[in-house]
Amino acid sequence: GLQKQVEAPPTELLESVLNGSGYLDMLTQRDSSEDTARADNLRELVNAMAEATERGETLTDFLDRAALVSDADSYDEQALITLMTLHSAKGLEFEHVLRTGPEEGVVPHSRSQNDLEELEEERRLCYVGMTRAKDTLTLTRAVYRRTYGAERLSGSLPSRFLQEVPGELIE
């Protein structure tokens, strides 16, 4: 038979697909860091889409911009600015590093809070990111952040790892 066509905002459509398909639940239930990262990326996609919608972008605008950004992790030594993940930065050094997101729930990730081994891995990853800087390291965080499934922005707390940075290294 004929199905009624329903128009939904892009964010609702994406959430419906992720939840209705069971894909996000499947990733969440698996116990691997790769699946956790995939689930986190999908949640960030929903957040990014919600923010794009708030800015008045259409789904096409959002997808076009995402296609341009998707190549950001390929490192080009000649580039004046490079955006990359902490994992991609391993083994590389830069004159100046700007690190974003040293917040509880981001670094360390909220899933690592009750697992000492995972928390230690998050600490190591944070350290890796900080030690990529040869000359200067700038840390910046959001005071308010949108979390997956939340209608509104919520306050964020500085990462506990920031307290471990020796005071004499901070300007």
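These entries record what I looked up in the predicted model shown above.

**Basis of the entries**

I number residues from 1 along each chain as its sequence is written. I note that the model is predicted, that local features need pLDDT of at least 70, that side-chain atom pairs count only at pLDDT 80 or more, that totals for chains, interfaces and linings use all residues, and that side-chain values use heavy atoms, with hydrogens and water left out.

**Entry 1: the whole chain**

I began with the secondary structure and found 6 helices and 4 strands in the protein. Helices here are DSSP runs of H or I with at least four residues, strands are runs of E with at least two, and both are numbered from the N terminus. Read from the N terminus, the order of elements is α-α-α-α-α-β-α-β-β-β. The C-alpha trace spans about 70 × 40 × 30 Å along its principal axes.

I then looked up burial. The protein has 171 residues, and 24% of them count as buried; buried means under 20% relative accessible area, exposed means over 50%, and partly exposed lies in between, with a 1.4 Å probe and protein chains only. The exposed surface comes to about 12400 Å², of which carbon and sulfur atoms supply 52%. Such areas come from the Shrake-Rupley method with a 1.4 Å probe, and for residues only the protein chains shown count as cover.

For contacts (heavy atoms within 4.5 Å), I took the pairs at least 6 apart in sequence and noted that 61% of them join residues at least 24 apart.

I noted 18 positive and 33 negative side chains, with the centres of the two sets 3 Å apart. Lys and Arg count as positive and Asp and Glu as negative, while His and the chain ends are not counted. The place of each charge is NZ of Lys, CZ of Arg, CG of Asp or CD of Glu.

**Entry 2: strands S1 and S2**

I looked up the pairing of S1, residues 94-100, with S2, residues 133-140, and found it parallel over 6 bridges. Two strands pair if DSSP finds at least two bridges between them. The path from S1 to S2 passes through helix H6, residues 116-130, and this β-α-β crossover is right-handed. The term applies if, with the strands pointing away from the viewer, the path from the first strand over the helix to the second runs clockwise.

For individual positions, I recorded Ala-133 in S2 as the bridge partner of Phe-94. Thr-100 stands opposite Thr-140 in S2.

I also examined Asp-135, which is placed in strand S2. Asp-135 counts as exposed because its relative accessible area is 53%. Leaving aside residues up to four places away in sequence, Asp-135 touches Phe-94, Glu-95 and His-96. Between Asp-135 and Val-97, 38 residues apart in sequence, the C-alpha to C-alpha distance is 8.4 Å.

**Entry 3: the loop between S1 and H6**

I found a cis peptide bond between Val-107 and Pro-108, with omega about 10 degrees. Pro-108 belongs to the loop between S1 and H6. Ser-112 also lies in the loop between S1 and H6. Ser-112 is classed as buried because its relative accessibility is 2%. Its contacts, not counting residues up to four places away in sequence, are Glu-118, Leu-119 and Glu-122.

I located Asp-31 in the loop between helix H2 (23-29) and helix H3 (33-54). Asp-31 has 82% relative accessibility and therefore counts as exposed. Its C-alpha atom is separated by 19 Å from that of His-87, 56 residues apart along the chain.

I placed Ala-66 in helix H4, residues 59-69. At 33% relative accessibility, Ala-66 is partly exposed.

I placed Ser-88 in helix H5, residues 86-89. Ser-88 counts as partly exposed, since its relative accessibility is 29%. Ser-88 and Tyr-75 are 13 residues apart along the chain, and their C-alpha atoms are separated by 8.6 Å.
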